[in-house]
Amino acid sequence: MQVLQLAINGVSVGAIYALVALGLTLTYKATEVLNFAHGDVLMLAAFIGWGLIVGWHWPFWLALPATLALVGIAAYGLERGVMRRIAGQPQFAGVMLTIGLAFMIRGAVSMGFGPESRKFETPFSGHTTHLGPVVVADLNLAIIGAVLAVTAALFVFLTRTRLGVAIQAASQDQLAAYLSGIRVKRLNSLVWGLAGALAALAGMLLSPITLVDISLWFVLLKSLAALVLGGFGSAPGAIVGGLLIGLIESFAGVYAPGAIKDVVAYIVLIVVLVVWPRGLLGEAHGRRV
Amino acid sequence: MSVTAALLSVRNVETWYGPVCAIRGVSLEVAAGRIVAVLGANGAGKTTLLNTIAGVIDPFKGVIEYRGAPIQRRDPDAIARLGLTLVPEGRRVFPFLTVAENLAMGTFARRAGAARKGDRDGIAADRERIYGWFPRLKERAAQHAGLLSGGEQQMLAIGRAMMARPDLLLLDEPSLGLSPLLTREIFSIVTRINAETGMTILLVEQNARAALEHAHDGYIMELGRIVAADTCAALMQKDDVREFYLGMGASAGADGRKRRWKRTKTWR
Ligand SMILES: Nc1ncnc2c1ncn2[C@@H]1O[C@H](COP(=O)(O)OP(=O)(O)OP(=O)(O)O)[C@@H](O)[C@H]1O
Ligand SMILES: [Mg+2]
């Protein structure tokens with residue numbers, strides 16, 4: 001039974017990593033920028049959610065969409081106002097710029113909210129459901145359900161709608177997309193906004209399990225491990241990698257000694273990079289970061 | 001070259017790549033309804049010229065007028081939405097989209113006048129017309145474009161551009177890498193498109209014979225400059241054109257055979 005229990009916990013945390021990794025993949029494919037501020041956007045969203053729920057006494061179901069919209073719009077603006085200026089520069093410029101942005105967000109949050117952790121209640125907190133012999137926290141079920149729904153919706157959007165296919169087209173050949181009359185710049189902003197909203201959702205789902213804390217940005221590192229394991233640049237790979245890292249962590253917490261759980265994601269990251277840099281579902285001719 | 005007002009007018013355009021001046025003061029006119037060919041050796045600046053017109057590169061100076069309004073330094077997607085569509089050198093289809101999806105992407109450049117939203121029927125009709133020109137695309141409609149042959153990709157790139165319903169179509173070396181048979185097929189369809197729809201076409205070619213036979217007007221570029229401009233019929237009569245571009249050695253004397261061999265080799 002413990003194995004099942006651990007698996008469900010692993011999958012629900014892994015679903016969060018998958019969501020974050022998916023956002024990273026989307027922006028990378030659209031703008032060739034690996035967004036190192038993605039984890040801090042998630043963290044900022046958790047603080048905004050906390051502010052709305054605890055500070056302003058908004059109900060969770062109002063605070064959730066409000067946070068997603070707010071962070072999504074901010075990320076859209078970030079691409080439009082800042083990231084667009086370095087389009088065409090070497091990838092290194094994007095790395096440095098987003099690392100700088102990450103520190104700015106971190107600094108602003110710690111100045112604005114102070115160093116202590118907080119928490120907010122969700123409609124799922126404290127409830128459990130019996131699935132046969134296993135007792136599962138409703139929060140975990142909500143996370144798995146939400147991530148499933150969002151990934152499915154995203155998949156339909158990217159493959160079945162005109163706009164979604166245009167996003168794919170622009171990521172495959174930006175020049176050809178421009179020449180086809182696609183508003184590539186606007187689409188890039190849109191993708192950043194979408195990824196921001198995904199990060200905000202991940203923050204709102206994760207912080208009830210952990211706490212609302214500056215250190216939430218660490219999820220970025222776990223998701224990078226997920227990306228490498230799943231195959232960099234592959235959306236299905238991001239999901240598989242995220243789930244696997246969640247599972248590995250969950251089991252390492254019980255079956256591995258001491259603090260291995262906290263570093264096992266990075267061990268996976270390094271081992272995969274060294275022995276199998278393509279990852280599980282990486283593109284055969286894909287670039288290596 | 002023509003009495004009607006030019007659809008496209010390029011005046012004294014100069015384009016640089018960093019310290020390299022690729023076209024140096026080029027002027028040309030494309031009258032509505034014509035097929036205009038630009039010929040020139042490798043590195044003459046033909047691709048640079050088309051890319052500059054389509055907004056891919058900004059000119060350092062000069063004016064590009066389309067329908068009488070300047071378009072230089074605008075974004076390429078905005079220019080495409082004005083009805084000026086470039087099929088770039090090397091095709092550049094979307095490799096992981098299907099043939100049908102590639103064609104659908106072309107519709108983003110349809111002008112507001114073509115009623116984008118309520119235009120389902122128009123889009124479907126255009127797609128069928130393109131499938132009529134290129135039956136092979138219809139057979140492969142559900143296949144990823146990256147898996148098509150080079151010639152099929154060229155057909156798809158032209159088809160995608162046609163989905164935009166452009167008024168002016170720019171083609172950069174449509175025959176690149178194609179067999180003589182397929183080159184002829186592509187050129188006859190370009191002529192057909194022009195005849196059936198009245199679409200204006202500006203094309204760049206290495207295959208001078210095919211281009212001069214199918215186009216109405218021609219320009220010859222050398223080292224970033226236009227060195228000759230005339231109707232194609234007149235160009236084909238010029239000795240140096242016959243010699244350098246058609247390999248016919250018109251001025252051949254006793255040593256004509258030898259000279260022709262040498263020249264065609266260098267100018268290929
Ligand atoms: N991206 C670039 N950076 C620097 N120089 C360039 C670049 N692209 C082209 N050039 C230079 O500009 C000149 C014109 O190139 P262009 O590609 O326009 O020639 P072209 O006539 O299209 O030749 P081809 O028939 O081989 O396609 C060449 O001398 C080339 O070296
Ligand atoms: Mg060229």
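This tour goes through a sheet with its helices in chain B and then a pair of helices in chain A.

The model is predicted, so local features need pLDDT of at least 70 and side-chain atom pairs count only at pLDDT 80 or more, while totals for chains, interfaces and linings use all residues. Residues are numbered from 1 along each chain as its sequence is written, chains are lettered from A in the order in which they are written, and side-chain values use heavy atoms, without hydrogens and water.

Start in chain B by selecting the open six-stranded sheet, whose order is β6-β7-β8-β3-β9-β10 with mixed pairing; strands (E, at least two residues) and helices (H or I, at least four) are DSSP runs numbered from the N terminus, and two strands pair if DSSP finds at least two bridges between them. At the edges stand β6 (84-87) and β10 (225-231) of chain B, each with a single partner strand, so one side of each has no neighbour in the sheet.

Next, select β7 (residues 168-172) and β8 (residues 200-205) of chain B, which pair in the parallel sense over five bridges, and find Leu169(B), whose bridge partner in β8(B) is Ile201(B).

Finally, move to chain A and select α3 (residues 60-81) together with α2 (residues 38-55). Residues of α2(A), including Val41(A), Ile48(A) and Leu52(A), meet residues of α3(A), among them Phe60(A), Ala63(A) and Leu70(A).

Notes. Axes fitted to C-alpha atoms, helices over the stretch in contact; angles between N-to-C directions. Contact = heavy atoms within 4.5 Å.
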